[in-house]
Amino acid sequence: MANANVINEKAAVVAALVERLNGAQSGVIVDYSGLTVAEDTELRSAMRKEGVEYAVVKNTMMRRALDSVGLEALDEKLHGTTSLATGTEDPIAPIRLVAGGHCRGRGGRGADHFSVPHNARRYA
């Protein structure tokens, strides 16, 4: 049986992801496999400059957060190396940065984007 502290820590991570998803206008789930350190650094720098939050996320925790906000349709995309980029100001920024060459042709599965409207409707 898992330690109660570990369970609480994981629940806190999921809650933070749910809050992040609820506050986002859009996001991208990215397979970052095949990125070199230099490419990852470039991607993170570009994301920061555009006000996009980007982080590696464990698939199980991401799945629980997506399910909590009504984006269950994206569960099937959570395999292998997964990161999440979300934008709160410019809804196109996360998609533009990933599709604009920062992750293209890296040998991974690519990226899947989603929108999170402010009126609390959720769709994938």
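**Figure 1. Overview of the predicted model.** Of the 124 residues in the protein, 37% are buried (under 20% relative accessible area, with exposed over 50% and partly exposed in between; 1.4 Å probe, protein chains only). The model is predicted: local features need pLDDT of at least 70, side-chain atom pairs count only at pLDDT 80 or more, and totals for chains, interfaces and linings use all residues. Numbering starts from 1 along each chain as its sequence is written, and side-chain values use heavy atoms, without hydrogens and water. The protein has 4 helices and 4 strands (DSSP runs numbered from the N terminus: H or I, at least four residues; E, at least two). Their order from the N terminus is α-β-α-β-α-β-α-β.

**Figure 2. Nonpolar cores** (buried Ala, Val, Leu, Ile, Met, Phe, Trp, Tyr and Cys residues joined through side-chain atoms within 4.5 Å). The largest holds 15 residues; Leu17, Leu21, Ile29, Met62, Ala65, Leu66 and Leu84 touch the most other members. Helix H1 (4–23) and helix H3 (59–68) each give two or more residues to this core. Another core, of 12 residues, lies apart from it and includes Val30, Leu43, Val52 and Leu97.

**Figure 3. Salt bridge Asp40–Arg44** (side-chain nitrogen of Lys or Arg within 4 Å of a carboxyl oxygen of Asp or Glu). The closest N and O atoms are 2.8 Å apart. Both residues sit in helix H2 (residues 37–49), 4 residues apart, so about one helical turn separates Asp40 and Arg44. Asp40 is buried at 19% relative accessibility. Arg44 is partly exposed at 27%.

**Figure 4. Salt bridge Asp90–Arg96.** The closest N and O atoms lie 3.4 Å apart. Shared partners join Glu50, Asp90 and Arg96 into one salt-bridge network.
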